[in-house]
Amino acid sequence: MREEERSAARAGRAAGRLPCAPRAEPEQRGRRMAEAQRRVARVHREADLARQLRRYDGWAPDYEQDVAALQYQAPRLAAACLASVFQGPPEDALVLDVACGTGLLAQELQAQGFCHFHGLDGSPGMLEHACRKGLYQDLKECILGQGALPAPTGCYDAVLIVGALSGGQVPITVVPELLRVTKPGGYVCLTTRSNQSNLLYKAQLEQLLVDLEQQGLWEKVLVQEVEQWEKSTSEQETSQGPGYISGVVYLYRKKLRPGE
């Protein structure tokens with residue numbers, strides 16, 4: 001075979017292999033999605049707190065890849081909501097990231113101009129990964145919803161809890177603590193999901209938010225409903241579009257004086 005024929009044959013074989021690559025990529029994404037769904041479901045179903053926190057520790061190395069596969073938008077949406085209403089230079093604000101996980105929210109807030117972060121989480125494994133990002137000036141391990149947060153009253157310009165307020169995760173008893181550690185005039189940003197298994201929790205959370213507003217402790221700034229919040233972990237949880245669940249961002253401003 002002449003050299004040009006051999007070259008043509010090699011080119012043909014190479015060309016024949018090219019269509020295989022696009023087919024392999026969706027398969028890989030599908031496997032990643034299935035693995036992420038299984039891990040999320042295992043963590044959310046775990047009823048024992050100590051075992052659940054160990055699951056979070058074990059999940060920490062894969063957490064960011066998994067939530068990316070699930071198209072998880074909550075950190076970006078919450079950061080954008082806060083930035084859209086925040087008064088004053090964001091670079092001067094002190095922000096508390098409650099249930100900070102691996103630090104995804106701090107990354108999004110940094111992109112919006114915020115740069116002073118404290119973080120709390122119940123998982124040492126998650127906190128270790130958050131620490132590696134170098135964004136937080138202070139990180140503390142804390143079991144959320146069980147007593148006072150390890151922070152002084154009226155300390156933070158903004159307090160956020162993103163992705164953790166749902167059934168079987170952080171109880172709604174943490175919400176008054178979020179308000180306590182916020183400065184008068186500061187902001188509290190919260191998120192929750194609207195999937196079928198979380199509807200009771202969501203209703204209880206929203207009633208508490210209303211109660212605190214009626215007590216004159218804070219005022220509602222905005223509520224953002226998001227249809228395609230993230231990919232669901234099961235067909236039974238799907239509420240919006242093929243395979244998606246919906247969610248909500250709530251943003252409140254603490255009153256300068258209670259009852260004003």
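**View 1. Strand S1 and its parallel partners.** Five bridges join S1 to strand S2 (residues 116-121), and the two run parallel. Two strands count as paired if DSSP finds at least two bridges between them. Helices (H or I, at least four residues) and strands (E, at least two) are DSSP runs, numbered from the N terminus. This is a predicted model: local features need pLDDT of at least 70, side-chain atom pairs count only at pLDDT 80 or more, and totals for chains, interfaces and linings use all residues. Residues are numbered from 1 along each chain as its sequence is written, and side-chain values use heavy atoms, with hydrogens and water left out. Leu96 stands opposite His118 in S2. S1 also pairs with strand S4 (residues 156-161), in the parallel sense, over four bridges. There, Val98 stands opposite Ile161. Four of the five residues of S1 (residues 94-98) are buried, so S1 is largely enclosed by the rest of the structure. Buried means under 20% relative accessible area, exposed over 50%, partly exposed in between (1.4 Å probe, protein chains only).

View 2. H8 covers residues 199-214. At 1.5 Å a residue, its 16 residues should span 22 Å; the end C-alpha atoms are 22 Å apart, which agrees. The expected span is 1.5 Å times one less than the number of residues. Tyr201, Lys202, Leu205, Leu208, Leu209 and Leu212 are buried. Seen down the axis of H8, the buried residues fall within an arc of 125°, so they line one face of the helix. The arc is taken from the directions from the helix axis to the C-beta atoms. An α-helix has 3.6 residues a turn, so residues three or four places apart point the same way. The buried residues of H8 pack against helix H7 (175-181), S5, strand S6 (218-231) and strand S7 (244-254). Leu200 and Gln214, on the other side, are exposed. Gly216 follows H8, with a positive phi near 75°.

View 3. Thr182 is buried at 0% relative accessible area. Lys183, at 30%, is partly exposed. Leaving aside neighbours within four places in sequence, the contacts (heavy atoms within 4.5 Å) of Thr182 include Tyr187, Val188 and Lys254. The C-alpha atoms of Lys183 and Leu94 are separated by 9.9 Å.
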